[in-house]
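Open the model in your viewer and keep the selection panel at hand. This tour moves from one chain to one interface.

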There are 4 protein chains.
Amino acid sequence: MKVGIIGATGYGGLEMLRFLHNHKEVESIGLFTSSEEGTIFSDKFPHLTDLYNVPLQKIDYDALAKYDVVFASTPSGVSSSLFPPLVGLGPKLIDLSGDFRLKDLESYNYWYKKTPAPQEAVNKSVYGLTEWNEHAIRQSELIANPGCYPTAVLLSLLPLLKHKLIDPNFLIIDAKSGISGAGNKPSQTSHFSEANESFSIYKINEHQHIPEIEQAIGLFAGVDTKITFNTHLVPMTRGILATSYAHVTDGVTQQQLIDCLNETYKNHPFVRVIQDANAVGTNQVKGSNYCDIYVKLDERTKRATIIGVIDNLVKGAAGQAIQNMNVQFGYPQQTGLQLVPYFI
Amino acid sequence: MKVGIIGATGYGGLEMLRFLHNHKEVESIGLFTSSEEGTIFSDKFPHLTDLYNVPLQKIDYDALAKYDVVFASTPSGVSSSLFPPLVGLGPKLIDLSGDFRLKDLESYNYWYKKTPAPQEAVNKSVYGLTEWNEHAIRQSELIANPGCYPTAVLLSLLPLLKHKLIDPNFLIIDAKSGISGAGNKPSQTSHFSEANESFSIYKINEHQHIPEIEQAIGLFAGVDTKITFNTHLVPMTRGILATSYAHVTDGVTQQQLIDCLNETYKNHPFVRVIQDANAVGTNQVKGSNYCDIYVKLDERTKRATIIGVIDNLVKGAAGQAIQNMNVQFGYPQQTGLQLVPYFI
Amino acid sequence: MKVGIIGATGYGGLEMLRFLHNHKEVESIGLFTSSEEGTIFSDKFPHLTDLYNVPLQKIDYDALAKYDVVFASTPSGVSSSLFPPLVGLGPKLIDLSGDFRLKDLESYNYWYKKTPAPQEAVNKSVYGLTEWNEHAIRQSELIANPGCYPTAVLLSLLPLLKHKLIDPNFLIIDAKSGISGAGNKPSQTSHFSEANESFSIYKINEHQHIPEIEQAIGLFAGVDTKITFNTHLVPMTRGILATSYAHVTDGVTQQQLIDCLNETYKNHPFVRVIQDANAVGTNQVKGSNYCDIYVKLDERTKRATIIGVIDNLVKGAAGQAIQNMNVQFGYPQQTGLQLVPYFI
Amino acid sequence: MKVGIIGATGYGGLEMLRFLHNHKEVESIGLFTSSEEGTIFSDKFPHLTDLYNVPLQKIDYDALAKYDVVFASTPSGVSSSLFPPLVGLGPKLIDLSGDFRLKDLESYNYWYKKTPAPQEAVNKSVYGLTEWNEHAIRQSELIANPGCYPTAVLLSLLPLLKHKLIDPNFLIIDAKSGISGAGNKPSQTSHFSEANESFSIYKINEHQHIPEIEQAIGLFAGVDTKITFNTHLVPMTRGILATSYAHVTDGVTQQQLIDCLNETYKNHPFVRVIQDANAVGTNQVKGSNYCDIYVKLDERTKRATIIGVIDNLVKGAAGQAIQNMNVQFGYPQQTGLQLVPYFI
């Protein structure tokens, strides 16, 4: 198959290449850019020397229409106008930005401070949380790939919310991310000397992933809730660990919580329900498409601590996008994604 | 004055020397050890070459009794037996471990899994959260210096709890610490290649600082509560950031929250109430005795996010211990502690 | 084919699994240990949950004899006695330690301070610097896999020495390595709080890789030389960058140096001769089996700076070991090793 | 005394404040800027909240003339035009940039690619390598503060060159620096995700500190030499370690080398000659004004490895600048500079 990537120069795009390079169904990869037409990709990214000594191509709908699938790994506010003309032209479309995730355009405008995509295109899009939406993904031609934080949060919370084991009325979600989540554009916040050796909180109560998480909880668990969600920057490159807190429903036990998670994910190769409390850390999934989940009921307070761990660039972006492509094209979900976590 | 330090070879002890070295009231410092008698301190810690080319001394009560103040910077379970014989012999005693913090010996035994100190000595001890207990500290001869996490948590939560601006019945505290908090003894958890580039959670619902925080909330805010408290390891050396969550009392505004903090700490030189949401990070206090506090009410959920930031080795240990010494001896609190945060 | 690994619990062993997991010729992998028989591997290394939920096996010659190849990823001084009895029993043997590299047993004893392997076994062993010894490797049944530093140094220096473009009489080699090179055993040197944010030199003029480099320069370049070689610890997990300095032979130009490198490695898929001076760093090869080489003649001093860059755990250990296995069994060298550098 | 700082918003300027804050002779500090007049300093740098809540002032010669000393902590090419009009107006001038270091204006232009300062001003300037130029510094009104790399290199090499214990004809200097040396302006090179976990070489044979080092070797050791000098980026914030290599003169012993260093620096409080090979690392001097020096003769090759270690922002910039100010004003060199290395 032929794969096109728009915005290949971002970290999400680079990470897609890391996996697609060994994807046995992929014949060719086209790299598209809005601004660097003609640049040899490996000149810009020398770690790809001998691997991608190919020029970046100008974004062109006739050219893109010839691909089997087109990924947009662009900043928010780009694919909202770039993708709609491609709908129905042939290629399956997978958007890694937030532009097609929120069904409510006003909400998009409020949280993203950007012009939303056309309602019609948004209505066509399917939310690509693979483990929870496989059937719809298989049918869809436009996939809104989930955000990095929502992936870690939803995979860990949805089973317990859907089965009413935890109280949806006071959900506290404290999330932490490595700095690659901020992308590859230099800024004071991501300047080494200032980001290094410092842990900080950002976008307090204002992160655009809040409405995405609430919408998905409604969609997949049938629960209407307002979450408290905060995000922190960790002085490391990759990884997200989200720690959530909730009261358990009366009488719920640790065993019920763990059984619910095990039962939900028993047939899902990329979700691991962790038994060992000492094994809950981002190095356990680093570089891989795994999401590790852990739950612990505190008998003293009757509150549960629920943890989701992913590599923000893989299961939180490029990996899940390829997983969705595999579903769309009827390949086994693991195709091209069986890289072992590198741990150190 | 003459200062004695037991357990000077730990990070807390080293950090005390960093500040005491420029403390104008300190004439001499004696370094005591249980195991390395005679070792030249700067041979063991070459960064102190030309500064502390002195031998470690054997722990000896007659020698210790001649000091004006004796600090114990030892692991839990040591000062519980080491300090009681010194009570009343002359020196003021300041314990940096957890051995004299919990008034309930059964609780100590349950959380620390160690034999508690004698009830009599524990009763004599005063909890050294300087900003909240200055009067008692001035009178005391035995100070239980607070834990690193409790310092960040209590300084940020106590004003709001005491003035009933937040609901004490569902306090979620999500704390993060640099790895120096684990001390200087090598282990797999603190092995560079495995700790580096990984963010993890540990001691889920089981951290020994839980009863300390609950006891102090009762003591200083008059509130009986059961907290949810979790701790995470950040791949950096220094710093603690504690993010707490609570419902605000009906009608409470952001302004009331901020006014309460400002009013509480207006005369306290080491607590800074931060206005700028972009300035909440551990690099803002690194190497200094400051505690930065920030509060933000989320109108959407009526929940407040309350943040406390410290250097775990300074305000969370050595710095506060010296601050307490200053109070005991009637010096200005800032004496010897006016080092500027090094930021980068 | 069936692959056995002795010492799979070290970083070298873990890294072998990361590559062998996707090696299409490998049917099964047996994990052997001297001390943890029966331990489920993924319990010890949770990042391998669902991948290697298999028990570690006791080292047993009858069992090992049934494998097609056996790797020893053990500390120095182990395979010297472990491997000789296996020679000739069937499996190809690849040793990742230093035990079979030095042909001169006295030299081994002097630099390693350990008892050498039997002369007969050492004589049988072939030095596994793949690009320079492919023919001998194909024939051999016992391979001494090169050290991490020698791999980076030799691949960059050998072409220029062999073609007499640089003066062998004053070779200065200043090498730097990430901390994973020290292995997975905790120590004060590798304790996070002390290794983090510090750059240091170690084993000044005493590194055991010195005789290995000199022996290989004699073997492959036909030059007898005494090198100056020093090693430094970089506060990162992976990567080696070796900077070498030498006078060029009279009249030699930059073009001759670069041509020599290009010509030497034109048919070697894992060596990249870098053109761009801004692309010489360990993140360019991280996680991959590449060795990047760069050379720059300083016209002002007529001295050349020659740089070799590898991932110490891959081309410096596990990756080259698998590359050698591929050669021994007649597979394309890249089999199982085509992972893209992860860059960030 | 009154101290003025031009370019206080750079890391060098921030570091000056960290030390001047506790300098007992300093009454007031004025902060000057070319672009951010009126900005409250602690709003820009919140770690200085409660310490420097003062506005940045416009650069104005009448105002500057009222200060006892004026520091320029500006990028190259600024003080060359900014300082000359101030010469003779009253304040002592200390330039932390490279604009007044090179006596040969053509050389400055060649290496810095900038317009040099007027020859007259350059002639007036004194090179501020405190330990080697104290007398001239005391007399001078314009000091060219040394570069960070030259400080580490010169303090370690000068004694051995001056006493002809090492051969000046083949000096190889391999230097490594933390990333703060690149300043506070964001760039791709200093972007956290790309600088983190990577070790790289830069400005191969082209660093502007080369002529500065050669000029100083001529000035203080009376030797004319062409050095080979390369610089590397270490993924840490602070610290420089420079490893130099040279043949020793016939018959020279390790003891002679060490005696030479000890004798040279016996009365210099900020240079420590290190005995313990395991104590040669940047964490030994971090945050302090120390320069640690170590030398080791390799009997096998008759070459010496000579190491200099500093904190690039302190002894390599702000600390040495204050040390020079102390000399100019007749204060003890240590005044305000007695901060203990923070080690971790």
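How many positive and negative side chains does chain A have, and how far apart do the centres of the two sets lie? Select Lys and Arg, then Asp and Glu, in chain A. There are 28 positive and 34 negative side chains. The centres of these two sets lie 2 Å apart. Keep in mind that this is a predicted model.

**Chain A as a cartoon**

Look for 12 helices and 14 strands. The radius of gyration of chain A is 20 Å, close to the 20 Å that the globule rule gives for 344 residues, so chain A is as compact as a globular protein of that length.

Next, colour chain A by accessibility. Of its 344 residues, 67% are buried, with buried meaning under 20% relative accessible area. Now show contacts with a separation of 6 or more. In chain A, 70% of these join residues 24 or more positions apart. Chain A exposes about 11000 Å² of accessible surface, and carbon and sulfur atoms hold 49% of that.

**The contact between chains C and D**

Hide chain A and select chains C and D. Their contact takes 52 residues from chain C and 52 residues from chain D. Together the two chains bury about 4300 Å², with 54% of it on carbon and sulfur atoms.

Note on methods: Residues are numbered from 1 along each chain as its sequence is written. Chains are lettered from A and ligands numbered from 1 in the order in which they are written. This is a predicted model: local features need pLDDT of at least 70, side-chain atom pairs count only at pLDDT 80 or more; totals for chains, interfaces and linings use all residues. Side-chain values use heavy atoms; hydrogens and water are left out. Helices (H or I, at least four residues) and strands (E, at least two) are DSSP runs, numbered from the N terminus. The radius of gyration is taken over C-alpha atoms; the globule rule is 2.2 Å times the number of residues to the power 0.38. Buried means under 20% relative accessible area, exposed over 50%, partly exposed in between (1.4 Å probe, protein chains only). Contact means heavy atoms within 4.5 Å. Accessible areas come from the Shrake-Rupley method with a 1.4 Å probe; for residues, only the protein chains shown count as cover. The place of a charge is taken as NZ of Lys, CZ of Arg, CG of Asp or CD of Glu. Buried area is the accessible area (1.4 Å probe) that two parts lose on being put together, summed over both.
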